[in-house]
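Please look over the sequence and the model before reading on.

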Amino acid sequence: MQISINELLILISRSLDVSRNKINIKSKSEELSEWDSLGQLEIITSLDKKFEGNIDFEKLSTIKDVKGIIAFLKKKITEISAAQKLFN
């Protein structure tokens, strides 16, 4: 499973119901009123759907910026790829 930076930014903007130009790689939850606890849940839910249930809600719920989400997803994608190689 892959997701580009642009796809992630679109996913976040849709989750928060804000225009795409309000979200960038430096965006942080404290800078956007829409990125409250419900916004965070929307982001997590959207990512969980995108990654077919392979998202750790607890870990992702503590991440409050786009850079942190990117780092989390890079690690998750690496783990998923490694697991797939084991079973192929």
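The sections below go from the whole chain to selected residues.

## Basis of the report

The model is predicted: local features need pLDDT of at least 70, side-chain atom pairs count only at pLDDT 80 or more, and totals for chains, interfaces and linings use all residues. Residues are numbered from 1 along each chain as its sequence is written, and side-chain values use heavy atoms, with hydrogens and water left out.

## The chain as a whole

The chain contains four helices and zero strands, and its pattern along the sequence is α-α-α-α. Helices (H or I, at least four residues) and strands (E, at least two) are DSSP runs, numbered from the N terminus. Helix H1 covers residues 5-16, helix H2 covers residues 37-50, and helices H3 and H4 cover 57-61 and 66-86.

Along the principal axes, the C-alpha atoms occupy a box of roughly 45 × 25 × 20 Å.

Of the 88 residues, 38% count as buried. Buried means under 20% relative accessible area, exposed over 50%, and partly exposed in between (1.4 Å probe, protein chains only). The accessible surface comes to about 5,700 Å², and carbon and sulfur atoms hold 53% of that surface. Accessible areas come from the Shrake-Rupley method with a 1.4 Å probe; for residues, only the protein chains shown count as cover. Among contacts with a separation of 6 or more, 52% involve residues 24 or more positions apart; a contact means heavy atoms within 4.5 Å.

## Helix H1

Leu8 lies in helix H1 and is buried, at a relative accessible area of 2%. Leaving aside neighbours within four places in sequence, Leu8 contacts Ile3, Leu47, Ile69, Ile70 and Leu73. The C-alpha atom of Leu8 is 12 Å from that of Asp65, although 57 residues separate the two along the chain. Ile10, also a residue of helix H1, is partly exposed because its relative accessible area is 26%.

Ser15 belongs to helix H1 and counts as buried because its relative accessible area is 9%. Its side chain reaches the backbone oxygen of Leu11 at 2.8 Å and makes a polar contact of 3.0 Å with the side chain of Ser46. A polar contact is a pair of N or O atoms within 3.5 Å; within protein, one must be able to donate a hydrogen and the other to accept it, and residues adjacent in sequence count only if both atoms are side-chain atoms. Beyond four places in sequence, Ser15 is in contact with Glu42, Ile43 and Ser46.

## Gln40 and Ile63

Gln40 is located in helix H2, and its 6% relative accessibility makes it buried. A polar atom of its side chain lies 2.8 Å from the backbone oxygen of Ile63. Apart from neighbours within four places in sequence, Gln40 contacts Trp35, Leu60, Ser61, Ile63 and Lys64.

Ile63 sits in the loop between helix H3 and helix H4 and is buried, with a relative accessible area of 15%. Not counting residues up to four places away, Ile63 touches Gln40, Gly68, Ile69 and Phe72. The C-alpha atoms of Ile63 and Lys28 are separated by 9.4 Å, and the two residues are 35 apart along the chain.

## Salt bridge and surface patch

The whole structure has one salt bridge, a term for a side-chain nitrogen of Lys or Arg within 4 Å of a carboxyl oxygen of Asp or Glu. Glu34 and Lys22 form this bridge, and their closest N and O atoms are 3.5 Å apart. Both residues lie in the loop between H1 and H2, twelve residues apart. Glu34 is partly exposed at 27% relative accessibility, and Lys22 is partly exposed at 38%.

Leu38, Leu41 and Phe57 make a nonpolar surface patch of about 300 Å². Patches are made of residues with over 30% relative accessible area and no salt bridge: like charges are joined within 9 Å, nonpolar side chains (Val, Leu, Ile, Met, Phe, Trp, Tyr) within 5 Å. Leu38 is found in helix H2 and counts as exposed because its relative accessible area is 60%.
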